[in-house]
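Please look over the structure below before reading on.

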Amino acid sequence: MDDDYRSTFRVETDENIVLELAIWLRRASEMRRVHLKELGDPKMIQGKPPYPRIEDLSSAGMSLSFKASQLMPVEKFAGVALLAYFKLVDPTDTMGEPLSFLAGYEVKHSQFHSDRNYLGLKLRWDGVPDQNDKAVFFADAAKYGIADLTKWCDDMNRKVCGIENLPPQGLRLDRLMRELDIIRSGASAVVHSQPKS
């Protein structure tokens, strides 16, 4: 799939797709490593005021809305990272095992209508659990994104297009190398079986 298309393709979501959502705000300069006790309570939790909602999601960002009485301008988020924990239904998992993400976003746009504020968010950080502590390292995701999130968007796109059951595309390298060995051994046998002149 074309990378430009991947970054712009947006999956419209609702609470049947986004099972859990929690939002924190942190200084962008403090996003390298965060201990869970430093996080504190979320600013917003799905299902509770101000009723945050992921409107759509892509491999490069998301649209987040919440109830409000007026516009919250982008300038209010200068130097601020919006940290989002969200759990998504996995369209390829028949056992119903969801996928969880903890990612940091930069607020790029803000709009207000119908008593909700809509934020356009750009993906900046990918949360990676510390194996030795109750902490999370945040890797730079601005350039390469988050592999599992990109795959989720691809899988949702295939589902929307009705092609989710297609066999995987591309070459399996181990099979290819076996074929190469077969070809080479066959060619070698032909050479050795030719009569000498």
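This is a predicted model: local features need pLDDT of at least 70, side-chain atom pairs count only at pLDDT 80 or more; totals for chains, interfaces and linings use all residues.

Residues are numbered from 1 along each chain as its sequence is written, and side-chain values use heavy atoms, with hydrogens and water left out.

**Backbone**

Most residues other than glycine have a negative phi, and most peptide bonds are trans. The peptide bond from Pro49 to Pro50 is cis, with omega near 5 degrees. Pro50 sits in the loop between β4 (44-45) and β5 (53-57). Strands here are DSSP runs of E, at least two residues, and helices are runs of H or I, at least four, all numbered from the N terminus. Tyr51 lies in the loop between β4 and β5. Ser114 is in the loop between β8 and β9 (116-129). Neither residue is a glycine. Buried means under 20% relative accessible area, exposed over 50%, and partly exposed in between (1.4 Å probe, protein chains only).

| Residue | Phi | Relative accessible area |
|---|---|---|
| Tyr51 | near 55 degrees | 39%, partly exposed |
| Ser114 | about 55 degrees | 64%, exposed |

**A strand residue**

His109 belongs to strand β8 (residues 99-113). Is His109 buried or exposed? His109 counts as exposed because its relative accessibility is 55%. Leu119 is ten residues from His109 along the chain, and their C-alpha atoms are separated by 5.6 Å. Leaving aside residues up to four places away in sequence, His109 touches Val74, Tyr118, Leu119 and Gly120. Contact means heavy atoms within 4.5 Å.

**Helix and cores**

Helix α3 (residues 147-161) has 15 residues. From first C-alpha to last, α3 reaches 21 Å, close to the 21 Å expected at 1.5 Å a residue. That expected span is 1.5 Å times one less than the number of residues. The buried residues of α3 include Leu149, Trp152, Cys153 and Met156.

A nonpolar core is a set of buried Ala, Val, Leu, Ile, Met, Phe, Trp, Tyr and Cys residues joined through side-chain atoms within 4.5 Å. The largest has 30 residues. Those with the most contacts inside it are Leu57, Met62, Leu64, Phe86, Tyr105, Leu149 and Trp152. The elements giving two or more residues to this core are β2 (18-27), β5, β6 (61-67), β7 (80-88), β8, β9 and α3. Another core, of eleven residues, lies apart from it, with Ala22, Trp24, Met31 and Leu102 among them.
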